[in-house]
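Subject: Structure for you to look at

Hello,

Below is the structure I said I would pass on.

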Amino acid sequence: MKTPKIPHTDSITELAQFWDTHDLTDFTDELEEVHEPIFERRAEETVTIHLPAEEVEVVKRMAEAKGVKHTALIRAWVLEKLHHT
């Protein structure tokens with residue numbers, strides 16, 4: 001049986017699916033040492049907003065209906081507003 005090759009892709013989903021079903025030790029001949037960061041975090045800042053508990057619950061219900069976390073929904077709203085002004 002032929003061993004599959006490591007996928008050459010930038011898709012995190014595709015790579016995660018591959019590594020969920022394969023063992024790194026089977027690919028030692030394909031690995032290379034890297035001396036610089038490959039993935040770098042962009043500079044981000046956390047912003048805290050204060051809302052009444054009732055409003056937070058409404059946002060949480062709206063987010064749950066969309067299948068996302070409430071923080072992701074709030075972030076999407078802010079980005080939407082920034083891109084439409």
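The chain has 3 helices and 0 strands, where helices (H or I, at least four residues) and strands (E, at least two) are DSSP runs, numbered from the N terminus. From the N terminus, the order of elements is α-α-α. The radius of gyration of the chain is 21 Å, well over the 12 Å from the globule rule for 85 residues, so the chain is more spread out than a compact globule. That radius is taken over C-alpha atoms, and the rule is 2.2 Å times the number of residues to the power 0.38. Along the principal axes, the C-alpha atoms fill a box of roughly 60 × 30 × 25 Å.

This is a predicted model: local features need pLDDT of at least 70, side-chain atom pairs count only at pLDDT 80 or more, and totals for chains, interfaces and linings use all residues. Residues are numbered from 1 along each chain as its sequence is written, and side-chain values use heavy atoms, with hydrogens and water left out.

Of the 85 residues in the chain, 8% are buried (under 20% relative accessible area; exposed is over 50% and partly exposed in between, with a 1.4 Å probe and protein chains only). Among contacts (heavy atoms within 4.5 Å) with a separation of 6 or more, 19% join residues 24 or more positions apart.

How many aromatic pairs are there? The count comes to 3, with rings of Phe, Tyr and Trp (its six-membered ring) pairing if their centres lie within 6.5 Å; planes under 30 degrees apart are stacked, over 60 edge-to-face and the rest tilted. One of them joins Phe18 and Trp19, which are edge-to-face, with 5.0 Å centre to centre and 85 degrees between the planes. Phe18 is buried at 10% relative accessible area, while Trp19 is partly exposed at 30%. Trp19 also pairs with Phe27: the ring centres are 5.5 Å apart and the planes at 85 degrees, so this pair is edge-to-face too. Phe27 is buried, with a relative accessibility of 1%. Through such ring pairs, Phe18, Trp19 and Phe27 are linked into a cluster.

Regards
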